[in-house]
Amino acid sequence: MPSRTSAGRLRLAAESERTPLVPSAVLGTLIFVLTELMLFAGLISAFVIVRAGAMVWPPPGQPRLPIEATAFNTAVLLASGICLFLAQRRFFRDREAARRPLLAAMLLGACFVLFQGIEWVRLIREGLTLTSSALGSFFYLIVGLHALHAVVALGILVYTWRRLERGWLAQHQLAAAQVFWYFVVGVWPVIYGVVYL
Amino acid sequence: MTRHLLAASKRLPAGLVVAALWLLPRAALACPVCGGGQKPAVGRAYLYGAWMMSAIPPLAALGMAWFLRRRARTLAAPARPRAAEPVAVPTALRQPS
């Protein structure tokens with residue numbers, strides 16, 4: 001039955017070329033982000049319990065966390081998220097037009113990481129270290145873990161940018177990078193609200 | 001003697017239930033929300049933490065289901081006709097007008 005075989009082959013070929021509901025890169029990143037979300041939820045929960053059990057909070061003799069400066073830094077990170085959203089919108093219409101907002105998202109993200117680093121150096125000099133108090137331990141654990149995610153996400157954005165520059169960037173690659181960056185941007189206001197305020 | 005053993009074995013499940021009920025309050029006290037918090041604020045913090053940790057997985061599953069449904073609808077919708085894109089022609093191949 002040669003006709004049936006070729007028809008079957010044709011059908012198989014057509015099925016294999018169907019658009020997947022969610023690209024594997026995006027689905028994998030989404031699942032990874034969900035596990036990371038639970039990790040942050042656990043750490044934030046532990047921080048809230050320790051803070052509630054403390055007699056005095058913040059612990060005496062510890063420097064104050066930079067609330068105003070970090071609020072500005074939060075705005076910078078949110079702006080970078082908006083830039084990435086604009087990059088994706090433009091990428092659909094014209095790939096070249098996505099370059100500027102993607103570059104802006106990258107630069108704003110780099111500013112956030114740099115500013116966080118400067119704040120850390122200042123806080124360490126003022127005496128807030130990992131072992132100085134429960135505040136210091138949780139601050140460096142939670143904010144440090146977020147900074148690590150921000151650095152990795154920034155690396156992914158740089159990789160995405162390079163692929164865009166060479167004309168190799170596929171839509172699902174940009175989407176996967178977006179999911180991870182949105183996670184970094186989205187979880188930060190929660191951390192800021194719980195740890196800093 | 002055998003009769004006594006048989007009667008005792010029949011009472012065993014009931015005895016186990018009574019023992020479990022007797023031990024249950026201790027198990028409840030082991031829960032940090034019920035008995036572990038020295039201050040009401042600590043109990044509340046445990047409670048909010050437990051709520052948050054319990055709420056995230058179902059919310060994430062619902063969010064994922066909503067996203068997949070939306071994506072499936074987008075893919076199932078007929079593609080909108082797109083305007084013809086201009087084709088780049090090298091200068092050497094262009095016909096003089």
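Visitor: Is the crossing of α2(A) and α5(A) left-handed or right-handed?

Guide: The crossing of α2(A) and α5(A) is left-handed, a word used if the near helix is turned anticlockwise from the far one by less than a right angle, with clockwise giving right-handed. Helices here are DSSP runs of H or I with at least four residues, numbered from the N terminus. Before we go on: this is a predicted model, where local features need pLDDT of at least 70 and side-chain atom pairs count only at pLDDT 80 or more, while totals for chains, interfaces and linings use all residues. Residues are numbered from 1 along each chain as its sequence is written, chains are lettered from A, and side-chain values use heavy atoms, leaving out hydrogens and water.

Visitor: Okay, at what angle do the axes of α2(A) and α5(A) cross?

Guide: Roughly 165 degrees, and the axes come within 10 Å. Axes are lines fitted to C-alpha atoms over the stretch in contact, with angles from 0 to 180 degrees between N-to-C directions. The two helices, α2(A) and α5(A), are therefore roughly antiparallel; that label is for angles over 145 degrees, while under 35 is roughly parallel, 65 to 115 roughly perpendicular and the rest oblique.

Visitor: And how does α2(A) pack with α6(A)?

Guide: At an angle of about 10 degrees, with the axes 10 Å apart. That makes α2(A) roughly parallel to α6(A). Their contact has 20 nonpolar, two polar and two charged residues. Nonpolar covers Ala, Val, Leu, Ile, Met, Phe, Trp, Tyr, Cys and Pro; charged is Asp, Glu, Lys and Arg; the others, Gly among them, are polar.

Visitor: Which residues of α4(A) meet α6(A)?

Guide: Ala105(A), Gly109(A), Phe112(A) and Gln116(A), and across from them in α6(A) are Trp181(A), Trp188(A) and Tyr196(A). Contact means heavy atoms within 4.5 Å. The crossing of α4(A) and α6(A) is left-handed.

Visitor: Switching topic: where is Pro58(A) found?

Guide: Pro58(A) sits in the loop between α2 (24-53) and α3 (67-93) of chain A. A cis peptide bond joins Trp57(A) to Pro58(A), with omega about 0 degrees. Most peptide bonds are trans.

Visitor: Which residues line the second largest pocket?

Guide: Trp57(A) and Pro58(A) are among them, as are Arg51(A), Leu135(A) and Tyr196(A). By class, the lining has nine nonpolar, no polar and two charged residues. On a 1 Å grid over the protein atoms alone, a pocket is an open set of points where a 1.4 Å probe fits, with protein on both sides within 12 Å along at least five of seven lines, and lining residues have an atom within 4 Å of a point.
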